[in-house]
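Dear colleague,

My notes on what was found in it follow directly after.

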Amino acid sequence: IKSQLIDGMGIDLSTGRIKPTGPIGVKPRSYNARVVRDIVIDNGEIVTDRQIENIFTAIDKQSGKNLRPYLKMLSSVAAFIKDCHKNDVKLAIVSTDITKRIKQAFAALGLTEYFKCFVGADLVDNCKPAPDPALLAMDLCGTLPANTVSIGDHPVDVKMGNAAGIECNIALLTGLGLQADFESL
């Protein structure tokens, strides 16, 4: 069941990397919780949505004590963020994760102060690729789509930006999405 859960959550067991199809890193927490619930039930256990959410909450609490080992910063990203901030660029983070976890991650990286807002899937009715998270971030930052740049490492990021009317969407090739995945966008 452990291997099924790891694979089902979207971690490639042979490489330890997130699969481009997710659902971890791509789908909202509620979707991920349903995946876990279904795998557990398929293995003959009776479990409720509330029990699964309690497990997610316990994992959040435990890993939240020290998130740093779970985070990998791409080279030059911190300098880019600081340069943007120094030049009065309003920065926002939009994620499929819950807002509390986003804030914890950026606090662990020592970068919280550089961001105007953090928007998680828990703050909107519809998660990426719907425009809702980007629209909320723009509203909180006081910006318009014409004055906004969206940078993301997965096709759902570009789809969200397009749906929100953002004309400048940058695909960052981190290995989560491949160049071919973005070409039609």
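**Salt bridges and backbone features**

The side chains of D49 and R37 form a salt bridge, with an N to O distance of 2.7 Å. This pair connects distant parts of the chain, twelve residues apart, with D49 in helix 3 and R37 in helix 2. Please note that the model is predicted.

The structure holds eight salt bridges. Another of them joins the side chains of D157 and K128 at 2.5 Å, N to O. Here too distant parts of the chain are linked: D157 belongs to helix 7 (residues 155-163), K128 to the loop between strand 2 and helix 6, and 29 residues separate them. D157 and K128 are both buried. The salt bridge between D83 and K86 has an N to O distance of 3.9 Å, and both residues lie in helix 4, three residues apart, about one turn of the helix. D83 is partly exposed at 40% relative accessibility, whereas K86, at 62%, is exposed.

Helix 2 (29-42) and helix 3 (49-64) pack at an angle of about 115°, and their axes are 10 Å apart. The two helices are therefore roughly perpendicular to each other, and their crossing is right-handed. Helix 2 contributes R29, N32, A33, V36 and R37 to the contact, and helix 3 contributes D49, I52, E53, F56, T57 and D60. Of these residues, four are nonpolar, two polar and five charged.

The backbone also deserves a remark. Most residues other than glycine have a negative phi, and most peptide bonds are trans. The bond from G22 to P23 is cis, with omega near 15°; P23 lies in the loop between helix 1 (2-8) and helix 2. K128 and P129 are likewise joined by a cis peptide bond, with omega about 10°, and P129 is placed in the loop between strand 2 (117-119) and helix 6 (132-141).

S76, not a glycine, has a positive phi of about 75°. It is located in the loop between helix 3 and helix 4 (77-86) and is exposed at 57% relative accessibility. D88 has a positive phi near 60° and sits in the loop between helix 4 and strand 1 (92-94); its relative accessible area of 70% makes D88 exposed.

With kind regards

Terms used. Residues are numbered from 1 along each chain as its sequence is written. This is a predicted model: local features need pLDDT of at least 70, side-chain atom pairs count only at pLDDT 80 or more; totals for chains, interfaces and linings use all residues. Side-chain values use heavy atoms; hydrogens and water are left out. Helices (H or I, at least four residues) and strands (E, at least two) are DSSP runs, numbered from the N terminus. Buried means under 20% relative accessible area, exposed over 50%, partly exposed in between (1.4 Å probe, protein chains only). Axes are lines fitted to C-alpha atoms, for helices over the stretch in contact, and angles run from 0 to 180 degrees between N-to-C directions. Angles under 35 degrees count as roughly parallel, over 145 as roughly antiparallel, 65 to 115 as roughly perpendicular and the rest as oblique. A crossing is left-handed if the near helix is turned anticlockwise from the far one by less than a right angle, and right-handed if clockwise. Contact means heavy atoms within 4.5 Å. Ala, Val, Leu, Ile, Met, Phe, Trp, Tyr, Cys and Pro count as nonpolar, Asp, Glu, Lys and Arg as charged, and the others, Gly among them, as polar. A salt bridge is a side-chain nitrogen of Lys or Arg within 4 Å of a carboxyl oxygen of Asp or Glu.
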